[in-house]
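Subject: Structure for your review

Dear colleague,

My notes on it follow, and I would be glad if you read them with the model open beside you.

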Amino acid sequence: MKKTRLDIELTYDFWIFGVSSSIKFFKLAWAINTQLKLRLIRQADHTIQDKKGKKCAFGIYSYKTETGDIELFKNKSLDTEGAYILPEYGHFDYFVKVDSSLQSFSREEILKELRDMKWIEYIAALEVTDLKSKDNFFS
């Protein structure tokens, strides 16, 4: 019997920015709304399964447009101790995920605007292709 193998190559058409900030999640969302003139809205928790099969919930704010989305994720799980949405970047407090199809902003513009915010202590653009846990951003 002949076996058929299915190879799926996913394309990740979004940018990820790691954010270090000591302010509360809701206040960071408000500050980003003010700086970028957005309307990030709190959504139902983003739930993933960790490697042990345990469900972990993460806070998320999102702003949806016709051309793309901007989402703010809390890196630490809301209900599971020691669980991160991107375990390889546990030193970041939050992540901003931006669809690369979003026509309102370029990657450099978003990075510059977020760097100018007094509430953000450190921000870095991460290469999506290098992330081990990039699938955690999908439900």
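Before the findings, a word on terms: contact, or packing, here means heavy atoms within 4.5 Å, and helices (H or I, at least four residues) and strands (E, at least two) are DSSP runs, numbered from the N terminus. Please keep in mind that this is a predicted model, in which local features need pLDDT of at least 70 and side-chain atom pairs count only at pLDDT 80 or more, while totals for chains, interfaces and linings use all residues. Residues are numbered from 1 along each chain as its sequence is written, and side-chain values use heavy atoms, with hydrogens and water left out.

Overall fold

The protein chain has 2 helices and 8 strands, which follow one another from the N terminus as β-α-β-β-β-β-β-β-α-β. Its radius of gyration (taken over C-alpha atoms) is 16 Å, close to the 14 Å that the globule rule (2.2 Å times the number of residues to the power 0.38) gives for 139 residues, so the chain is as compact as a globular protein of that length. Of these 139 residues, 45% count as buried, where buried means under 20% relative accessible area, exposed over 50%, and partly exposed in between (1.4 Å probe, protein chains only).

The nonpolar cores

A nonpolar core is taken here as a set of buried Ala, Val, Leu, Ile, Met, Phe, Trp, Tyr and Cys residues joined through side-chain atoms within 4.5 Å. The largest such core has 26 residues, and those with the most contacts inside it are Leu 28, Ile 32, Leu 72, Val 96 and Leu 114. Strand 1 (14-20), helix 1 (25-36), strand 6 (69-74), strand 7 (94-99) and helix 2 (107-115) each supply at least two of its residues, and the largest share, 6 residues, comes from helix 1. A second, separate core of 17 residues includes Ile 16, Ile 48, Phe 92 and Leu 126.

Ile 32, which is found in helix 1, counts as buried because its relative accessibility is 4%. Not counting residues up to four places away in sequence, Ile 32 touches Lys 37, Leu 38, Leu 40, Leu 72, Val 96, Leu 114 and Met 117.

Helix 2

In helix 2 the buried residues are Ile 110, Leu 111 and Leu 114. Seen down the helix axis they fall within an arc of 100° (taken from the directions from the axis to the C-beta atoms), so they line one face of the helix. These buried residues pack against strand 1, helix 1, strand 7 and strand 8 (122-126), whereas Glu 108 and Lys 112 are exposed on the other side of helix 2.

Salt bridges

With a salt bridge defined as a side-chain nitrogen of Lys or Arg within 4 Å of a carboxyl oxygen of Asp or Glu, the count comes to 5. One of them joins the side chains of Glu 71 and Lys 97 (3.1 Å, N to O); this pair links distant parts of the chain, with Glu 71 in strand 6 and Lys 97 in strand 7, 26 residues apart. Both Glu 71 and Lys 97 are buried. Another includes Lys 112, whose partner is Asp 116, with the closest N and O atoms 3.0 Å apart; Asp 116 is partly exposed, at a relative accessible area of 47%.

With best regards
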